[in-house]
Amino acid sequence: MAGPNLINANPVIHAPKTKVERVFRLEEEDESTQDPFDEQEIFELIKNINDPEHPLTLEQLNVVQQDHVHVDDAGNSVLVEFTPTIPHCSMATLIGLCIRVRLLRSLPDRFKIDISVREGTHQSEVAVNKQLNDKERVAAALENSHLLEVVNQCIASALL
């Protein structure tokens with residue numbers, strides 16, 4: 001993953017936030033009922049995705065935060081906003097693609113998933129957001145075997 005020509009050679013590493021312990025309600029223990037998805041559950045799915053450039057997670061780099069995950073379970077939508085480590089990060093699209101793939105593989109098909117760079121955090125945020133939320137562009141990217149292999153490597157640790 002990491003090579004000699006790093007875009008951000010010295011990223012700031014953040015300690016994970018104090019884990020909020022999920023309180024399970026009695027009705028959530030009943031397998032016959034459908035419990036709603038929430039921000040914490042979505043964050044748990046994406047926080048351990050590896051950065052494509054460093055052997056660190058998106059949570060450690062503060063790229064993803066639970067406060068920037070928005071879920072409307074009744075409306076079947078999920079929005080994840082992420083913050084690249086530097087304003088000219090060339091890996092932003094790849095990071096967003098990794099988040100999208102992880103959620104596509106984990107959530108029911110009923111969800112519309114939107115991934116975006118947080119406003120004002122990347123010099124090409126409009127272009128990156130357009131790429132990340134265009135079904136045809138995402139499908140074309142995932143047809144590239146090398147790119148798919150990189151995505152799979154990044155999300156592999158998130159599956160553990």
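Which residues line the second largest pocket? Point 5 gives the list.

1. **Ground rules.** This is a predicted model, where local features need pLDDT of at least 70, side-chain atom pairs count only at pLDDT 80 or more, and totals for chains, interfaces and linings use all residues. Residues are numbered from 1 along each chain as its sequence is written, and side-chain values use heavy atoms, leaving out hydrogens and water.

2. **The sheet.** Three strands form an open sheet in the order β1-β2-β3, with mixed pairing. β1 (69–72) and β3 (112–117) are at the edges; each has a single partner strand, so one side of each lacks a neighbour in the sheet. On average, neighbouring strands are turned by 10° against each other, direction ignored. β2 (residues 77–82) pairs with β3 in the parallel sense over six bridges. Strands (E, at least two residues) and helices (H or I, at least four) are DSSP runs numbered from the N terminus; two strands pair if DSSP finds at least two bridges between them.

3. **Helices on the sheet.** α1 (residues 39–46) lies across β1 and β2, at about 130° to β1. α3 (residues 125–132) lies across β2 and β3, at about 160° to β3. Axes are lines fitted to C-alpha atoms, for helices over the stretch in contact, and angles run from 0 to 180 degrees between N-to-C directions.

4. **The core.** The largest nonpolar core has 37 residues. A nonpolar core is a set of buried (under 20% relative accessible area, 1.4 Å probe, protein chains only) Ala, Val, Leu, Ile, Met, Phe, Trp, Tyr and Cys residues joined through side-chain atoms within 4.5 Å. Its largest share, eight residues, comes from α2. Phe82 is among the residues with the most contacts inside this core. Phe82 stands opposite Val117 in β3. Phe82 also touches residues including Val63, Ile99 and Leu132; contact means heavy atoms within 4.5 Å.

5. **The pocket.** The second largest pocket is lined by Arg100, Leu104, Lys112, Ile113, Asp114, Leu132, Asn133, Asp134, Lys135, Val138 and Ala139. Its volume is about 220 Å³. On a 1 Å grid over the protein atoms alone, a pocket is an open set of points with protein on both sides within 12 Å along at least five of seven lines; lining residues have an atom within 4 Å of a point.

6. **The cavity.** The structure holds one cavity of 30 Å³ or more. The largest cavity has a volume of about 50 Å³. A cavity is a set of grid points where a 1.4 Å probe fits but cannot get out. Grid points are joined across faces, edges and corners, and a volume is the space filled by probe spheres set on the points.

How values were computed. Buried < 20%, exposed > 50% of the residue type's maximum accessible area, 1.4 Å probe, protein only. Lists of a residue's contacts leave out its neighbours within four places in sequence.
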